[in-house]
Each structure stands twice: as C-alpha cells, then as structure tokens.
Amino acid sequence: GDVKLWPLTISVPRHLVVECLPPKAADFALLRPGDNATYIFGDDVAEYFRSYREALFAVTRPKSGHDAPRHIEILASGAVPYFQDLQLVANRTMPHQHRGLLHRALLLPGVVPGAVFDEA
C-alpha cells in the first residue's frame, strides 16, 4: 500500500537560540564529531553552545542518521553547519534545513571543502 512519510522536527529550547549573529572568534568550532579529543565540555551545556556561537562554521556529520540535534544546535547558536558529503543526504532527510544554502556556504572563499576532516 501507500506509505506516507512525515518530516521529523528537531528543536532546541528558545533560550539557546541567538537573537542575532554574535561576534565570531574562530572560523570553526573546536568540537569535531568523531574526534574524542575535542569532547572537552562534559556536562557544561553553556560552554558547549558558547563554542558554537563563537564560530562561523561547525563540523557536523551523521551519527545514527543525517537528522541529528547537533545540526539544529549549530544553527541555533548562529553558526553554519559544515556537512561532509552533504550531497549524500537523502531527499526526505533534514526537511527543514535549506540544503542549497548549506552547500553554497561550503563554496565561500576561504572555505575548503573537506579541509577540516582528517583522512588518517
């Protein structure tokens, strides 16, 4: 029979959403998914979000799938999610994020796609 799919929405509490873009101190946030050495925040949620607020970009990738709270946390903090292999995201995944704009951000001058990912 017919299968209907409904978009999934992931959100963060309103108090974590920046009202305007904060000043940036770094090109990329310190946290890099998959690199345990960058998981330095422990239970300090305020510091975790501050690290995203201070960066222009924050690396993100699929965890158990491409829909992940981290993408929304990055956006709510005023940073741009830097997706490795964004073109591989399934069409009905991340329905509320403008993938065209995310892809264009990867092409901005000075942003080198893949440069922040270690291949080793």
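**View 1. Serine 51 and its surroundings.** The side chain of serine 51 reaches the backbone oxygen of tyrosine 48 at 2.6 Å. This is a polar contact, a pair of N or O atoms within 3.5 Å; within protein, one must be able to donate a hydrogen and the other to accept it, and residues adjacent in sequence count only if both atoms are side-chain atoms. Serine 51 lies in helix α1. Helices (H or I, at least four residues) and strands (E, at least two) are DSSP runs, numbered from the N terminus. With a relative accessible area of 10%, serine 51 is buried. Buried means under 20% relative accessible area, exposed over 50%, and partly exposed in between (1.4 Å probe, protein chains only). Apart from neighbours within four places in sequence, serine 51 is in contact (heavy atoms within 4.5 Å) with Ala29 and Phe41.

**View 2. The whole protein chain.** The structure is a predicted model, in which local features need pLDDT of at least 70 and side-chain atom pairs count only at pLDDT 80 or more, while totals for chains, interfaces and linings use all residues. Residues are numbered from 1 along each chain as its sequence is written, and side-chain values use heavy atoms, with hydrogens and water left out. The mean pLDDT (the predictor's confidence in each residue, from 0 to 100) is 81, and 86% of the residues reach 70 or more. The protein chain has 3 helices and 3 strands, in the order β-α-β-α-β-α along the sequence. Of its 120 residues, 35% count as buried.

**View 3. Threonine 38 in its loop.** Threonine 38 sits in the loop between β1 (26-28) and α1. Is threonine 38 buried or exposed? Threonine 38 is buried, because its relative accessible area is 7%. Its side chain reaches the backbone nitrogen of arginine 32 at 2.9 Å and the backbone oxygen of aspartate 35 at 2.8 Å. Not counting residues up to four places away in sequence, threonine 38 touches Leu30, Leu31 and Arg32.

**View 4. Helix α2 and what covers it.** In helix α2 (residues 69-76), 6 of the 8 residues are buried. These are Arg70, His71, Ile72, Glu73, Ile74 and Ala76. The cover over the buried residues of α2 includes α1, β2 (55-60) and β3 (80-83). Glycine 78 follows α2 and has a positive phi, near 90°.

**View 5. The crossing of α1 and α2.** The two helices α1 and α2 pack at an angle of about 65°, with their axes 8 Å apart. Axes are lines fitted to C-alpha atoms, for helices over the stretch in contact, and angles run from 0 to 180 degrees between N-to-C directions. Tyr48, Phe49 and Tyr52 of α1 make the contact with Arg70, Glu73 and Ile74 of α2. By class, this contact has 4 nonpolar, no polar and 2 charged residues. Ala, Val, Leu, Ile, Met, Phe, Trp, Tyr, Cys and Pro count as nonpolar, Asp, Glu, Lys and Arg as charged, and the others, Gly among them, as polar.

**View 6. Histidine 15 and alanine 76.** Histidine 15 is found in the segment before β1. Histidine 15 counts as exposed because its relative accessibility is 67%. Between histidine 15 and alanine 76 there are 9.6 Å in space, C-alpha to C-alpha, and the two are 61 residues apart in sequence.
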